[in-house]
Amino acid sequence: MKLSDLQAKKIVSITSGRNLGSIMDVNIREDGTIESLIIEQGRSLFSLNRDGDIPVFWGDISKIGEDVILVKKD
């Protein structure tokens with residue numbers, strides 16, 4: 001699976017059912033495995049503040065489906 005395939009999917013919390021945002025970046029370990037996905041929460045077009053971005057660690061992912069990624073995070 002390509003990163004662009006992951007970026008096209010919605011990130012949904014399995015505990016609350018809400019859409020957490022979209023993938024804007026990925027943290028990769030030195031061995032080439034994915035450590036976490038960086039989720040961009042909604043913000044205005046001109047905002048450069050990245051404080052609202054949250055990491056979703058690979059271990060928090062429950063299922064990667066056709067359209068969504070289900071995570072154990074709120």
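**Close-up views**

**View A. S36 touches V26, N27, P55, V56, F57 and W58, leaving out residues up to four places away in sequence.** Contact here means heavy atoms within 4.5 Å. This is a predicted model: local features need pLDDT of at least 70, side-chain atom pairs count only at pLDDT 80 or more, and totals for chains, interfaces and linings use all residues. Residues are numbered from 1 along each chain as its sequence is written, and side-chain values use heavy atoms, with hydrogens and water left out. S36 lies in strand β3, residues 34-40. Is S36 buried or exposed? S36 is buried, at 1% relative accessibility. Buried means under 20% relative accessible area, exposed over 50%, and partly exposed in between (1.4 Å probe, protein chains only).

View B. Helices (H or I, at least four residues) and strands (E, at least two) are DSSP runs, numbered from the N terminus. Follow the sequence and the pattern reads α-β-β-β-β-β-β. The protein has 74 residues, and 26% of them count as buried. Its accessible surface comes to about 5,100 Å². Carbon and sulfur atoms hold 50% of that surface. These areas come from the Shrake-Rupley method with a 1.4 Å probe; for residues, only the protein chains shown count as cover. Now take the contacts between residues at least 6 apart in sequence: 34% of them join residues at least 24 apart.

**View C. Six strands make an open sheet with mixed pairing.** In which order do the strands of the sheet stand? The order is β4-β3-β2-β1-β6-β5. The edge strands are β4 (54-57) and β5 (61-64), and each pairs on one side only. Neighbouring strands of this sheet are turned by 40° against each other on average, direction ignored. The axes behind this angle are lines fitted to C-alpha atoms, for helices over the stretch in contact; angles run from 0 to 180 degrees between N-to-C directions. Two strands pair if DSSP finds at least two bridges between them. In a regular strand the side chains alternate between the two faces of the sheet.

**View D. Strand β1 has pairing partners in β2 and β6.** β1 and β2 (residues 19-28) run antiparallel and are joined by two bridges. In this pair, V12 stands opposite N19 of β2. β1 and β2 also form a hairpin, with five residues between them. In the turn, G17 has a positive phi of about 80°. How do β1 and β6 pair, parallel or antiparallel? They pair in the parallel sense, over four bridges. Here S13 stands opposite V71 in β6.

**View E. β5 and β6 form a hairpin with three residues between them.** Their pairing is antiparallel, over three bridges.

**View F. I11 sits in strand β1, residues 10-13.** I11 is buried, at 0% relative accessible area. Which residues does I11 contact, neighbours within four places left aside? They are R18, N19, L20, G21, I23, I39, I69 and V71. I11 and S22 are eleven residues apart along the chain, and their C-alpha atoms are separated by 6.1 Å.

**View G. The largest nonpolar core has twelve residues.** They are L6, I11, L20, I23, V26, L37, I39, I54, V56, I61, I69 and V71. β2, β3, β4 and β6 (68-71) each supply at least two residues of this core. The largest share, three residues, comes from β2. A nonpolar core is a set of buried Ala, Val, Leu, Ile, Met, Phe, Trp, Tyr and Cys residues joined through side-chain atoms within 4.5 Å.

**View H. T33 lies in the loop between β2 and β3.** T33 is partly exposed, with a relative accessible area of 33%. Its side chain meets that of D31 in a polar contact of 2.7 Å. A polar contact is a pair of N or O atoms within 3.5 Å; within protein, one must be able to donate a hydrogen and the other to accept it, and residues adjacent in sequence count only if both atoms are side-chain atoms. Leaving aside neighbours within four places, T33 contacts N27 and I28. T33 and W58 are 25 residues apart along the chain, with their C-alpha atoms separated by 9.4 Å.
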